[in-house]
Amino acid sequence: MVFIAPVLLITIAYIIGSLPMKLLTRGDCGPGERSLIGTLFMLLLWECIMLPGIKMLASFDLLCRFYAGILLILVMISIIVCRKDLVKDIVFKNLQLLVPAIILIVLFAVQCAYVLNVYPDIATDYTAETVNTTLESDLIYENNPYMGDTFVHGITFRGKVVTLPLFYAFLARATGLKATVTVFRMVPIWVLLLSMIAFGLLGKVMFPSKEKQPLYFVIGMGILNLFGVFSRNCSFFYSMRKGFAGETFLTAVLLPIQLYAMVKLGAGKDKSKFILLGILLLTSLVVVDITKGLMMLGLSMVAGFAIIGAYHIRRRIGAKRS
Amino acid sequence: MQNVVDSLQNAFQMAGGSVGFSGLYLAGIIALWYTKYSSKKEAGYLFWYAIFMTVLMINPLTLSVVAKNFQKLGVDNYYLWIVPTAPVIVYVAVVNLDYVKNWLHRLYFLLGAGALLLLAAITSYAPSEHPSVQNDAYVTAEENEVYEALSDYLEETREKNILLWGDDAIMAHARMVDGRFYTLYGRDLWEGRADQELVQIYEEDAYTLWHMMSAPADFKVQIVVNAINRHCDALIFQREAFADLETIPEDLEGVYTLYRETKEYLVYVR
């Protein structure tokens with residue numbers, strides 16, 4: 001289940017993501033982008049359900065069922081509307097990519113072996129406690145995760161906005177896995193897969209009209225993960241030892257998607273990437289605190305827009321001169 | 001001035017995660033400078049983005065602003081992760097792979113790259129940083145024996161939950177293992193607040209209880225009396241707390257009964 005659940009999650013995300021991509025890009029995007037968009041939509045939908053639920057002191061179980069129901073409806077609608085696009089993506093066409101793909105699978109297996117067998121970095125973390133507390137009490141952020149009883153003081157609203165640990169509680173309930181197995185095994189594997197897809201997308205825009213180089217790019221990231229795990233306070237270390245943390249989701253998944261969107265905008269090919277950037281900013285609120293997420297992503301976007309703007313101005317000046 | 005230079009050096013090292021990776025990143029930026037002149041527009045974007053973020057993040061003003069106003073970002077120097085170390089290193093490596101056509105040269109390139117990465121990585125290698133998982137509860141085998149005993153007790157009595165009191169190791173991980181295990185205080189009592197958004201202020205009593213349990217051999221009676229007053233369902237003592245006695249007591253004050261003995265702990269239940 002530890003391996004099946006992440007694949008299932010990404011498959012559901014891929015099906016759900018096909019629907020908005022069909023509307024925004026007229027179906028002109030690959031399965032990777034659809035999976036990532038679907039994942040972002042799932043997290044945003046989760047946030048939209050959780051925040052009012054927190055205010056109304058709703059039952060966590062009820063909200064989980066409501067969320068699962070909406071996901072099921074979205075999957076069915078997407079299968080009906082996008083069935084041709086979904087079938088088109090299933091076929092593996094390019095046999096030249098077989099060798100790099102096999103290398104990537106082996107590398108992924110080695111990373112998974114590390115994640116499964118080495119103790120994660122949970123020194124200042126209480127995600128598993130939050131999952132257990134939510135499942136046991138059926139309340140959302142009302143009980144102290146360290147003690148179990150209701151809070152004397154509580155979690156601030158700013159803290160409650162980050163609903164990623166509650167999403168893990170939903171996954172634990174849906175899969176039947178223990179909180180520790182969900183948080184320390186299943187989720188890091190899920191984030192690793194998403195990270196590979198995100199860096200694959202980035203590789204595609206960094207090496208346009210090349211087939212193998214994007215895969216080599218992803219292989220390079222996997223190798224950096226494995227070597228970087230030796231170095232404390234390295235983002236690769238966090239990918240391997242703290243894959244469940246919102247910070248890891250931000251740097252391993254959201255940041256590469258943002259870089260991909262910025263390069264696409266720079267090429268002037270796809271204005272729908274503005275919408276993607278907006279979705280990224282909102283999703284950052286779900287996964288991590290506002291200063292670590294929204295602020296840093298916003299800063300990165302400002303830098304990206306400044307560079308794209310400078311290139312556009314230089315091109316126009318060059319065009320006017322000629 | 002020396003402090004400023006040291007903090008910039010530290011920040012640059014942290015941006016890569018180690019001296020080695022930061023050095024590779026710097027070399028990568030220089031390589032990108034040449035690559036962008038081969039009409040690779042994407043290399044140009046990455047180059048200017050890397051320069052912009054490095055200069056923006058690693059300068060005395062940013063370091064002092066983060067230290068004073070954004071403590072959350074300062075934890076593990078999180079603000080430095082926006083510097084694109086990984087994309088630059090990997091992009092430069094993949095672009096250079098294109099220039100290596102001969103399979104033997106490709107092998108040399110891969111071996112060289114591997115050696116370089118290993119050197120970059122082991123600058124911070126500490127074997128103790130990679131302990132193996134002992135069980136799927138992610139606790140030590142000794143602690144797991146205690147939690148299994150408590151789970152069995154809950155199954156037998158069909159109680160919904162159990163209020164327990166033990167040493168730091170037991171209290172720190174109880175709720176990570178099972179949501180039915182309630183504790184008198186959490187590990188934030190002695191470790192400090194991990195998250196500024198989680199506000200838990202302990203009464204003086206809680207600290208007193210913690211001090212007692214830190215030296216259980218000296219406070220056996222007081223621990224039992226306090227446990228009774230606070231309606232604890234389970235008391236977990238380290239074996240050495242009863243080292244001064246010839247035999248391990250089967251009950252404590254007629255309220256708690258010895259439920260299970262493990263290698264390191266004694267589990268008493270009401």
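**Figure 1. The two domains of chain B in the predicted model.** The domain assignment, which is automatic or taken from a database, divides chain B into domain 1 (2-129) and domain 2 (141-269). The centres of these two domains, taken over C-alpha atoms, are separated by 47 Å. The model is predicted: local features need pLDDT of at least 70, side-chain atom pairs count only at pLDDT 80 or more, and totals for chains, interfaces and linings use all residues. Residues are numbered from 1 along each chain as its sequence is written, while chains are lettered from A and ligands numbered from 1 in the order in which they are written. The pLDDT is the predictor's confidence in each residue, from 0 to 100; its mean for chain B is 84, and 95% of the residues of chain B reach 70 or more. For the complex, the predictor gives an ipTM of 0.88 and a pTM of 0.91.

Figure 2. B:Val90 belongs to helix 6 (residues 85-97) of chain B. Helices (H or I, at least four residues) and strands (E, at least two) are DSSP runs, numbered from the N terminus. B:Val90 is buried, because 24 other C-beta atoms lie within 10 Å. A residue is called buried if 20 or more other C-beta atoms lie within 10 Å of its own, exposed if 12 or fewer, and partly exposed in between, with C-beta atoms placed from the backbone. Leaving aside residues up to four places away in sequence, B:Val90 touches A:Phe217, A:Gly220, A:Met221 and A:Leu224. Two residues are in contact if their C-beta atoms, placed from the backbone, lie within 7 Å. The C-alpha atom of B:Val90 is separated by 40 Å from that of B:Asp188, 98 residues apart along the chain.

**Figure 3. The side of chain A that touches chain B.** Between the two chains, 62 residues of chain A are in contact with 62 residues of chain B. Several elements of chain A each supply at least two residues of this side, among them helix 9 (179-206), helix 12 (246-266) and helix 14 (294-321). Helix 10 of chain A gives the most, with nine residues. By type, the residues on this side of chain A are 31 nonpolar, 22 polar and nine charged. Here Ala, Val, Leu, Ile, Met, Phe, Trp, Tyr, Cys and Pro count as nonpolar, Asp, Glu, Lys and Arg as charged, and the others, Gly among them, as polar.

**Figure 4. Strand pairing between the chains.** Strand 1 of chain A and strand 3 (residues 198-199) of chain B run antiparallel and are joined by two bridges. Two strands pair if DSSP finds at least two bridges between them. Within this pairing, A:Ile155 stands opposite B:Leu198 of strand 3 of chain B.

**Figure 5. The fold of chain A.** The secondary structure of chain A consists of 14 helices and one strand. The radius of gyration of chain A, taken over C-alpha atoms, is 20 Å, close to the 20 Å that the globule rule gives for 322 residues, so chain A is as compact as a globular protein of that length. The globule rule is 2.2 Å times the number of residues to the power 0.38. Of the 322 residues in chain A, 52% are buried. Among contacts in chain A between residues at least 6 apart in sequence, 67% join residues at least 24 apart.

**Figure 6. Two loop residues with positive phi.** Most residues other than glycine have a negative phi. A:Asp138, in the loop between helix 6 and strand 1 of chain A, has a positive phi near 65°. A:Asp138 is partly exposed, because 15 other C-beta atoms lie within 10 Å. B:Glu253 is placed in the loop between strand 5 (251-252) and strand 6 (256-261) of chain B, and its phi is near 55°, also a positive value. B:Glu253 counts as exposed, because it has 11 C-beta neighbours inside 10 Å.

**Figure 7. Strand 7 of chain B and its partners.** Five of the five residues of strand 7 (residues 265-269) of chain B are buried, so this strand is largely enclosed by the rest of the structure. B:Tyr265, B:Val267 and B:Val269 point one way from the strand, and B:Leu266 and B:Tyr268 point the other way. Strand 4 (residues 234-238) of chain B runs antiparallel to strand 7 of chain B, with five bridges; B:Ile236 has B:Val267 as its bridge partner. Strand 6 of chain B also pairs with strand 7 of chain B in the antiparallel sense, over four bridges, and B:Glu261 has B:Leu266 as its bridge partner. Strand 6 and strand 7 of chain B form a hairpin with three residues between them.
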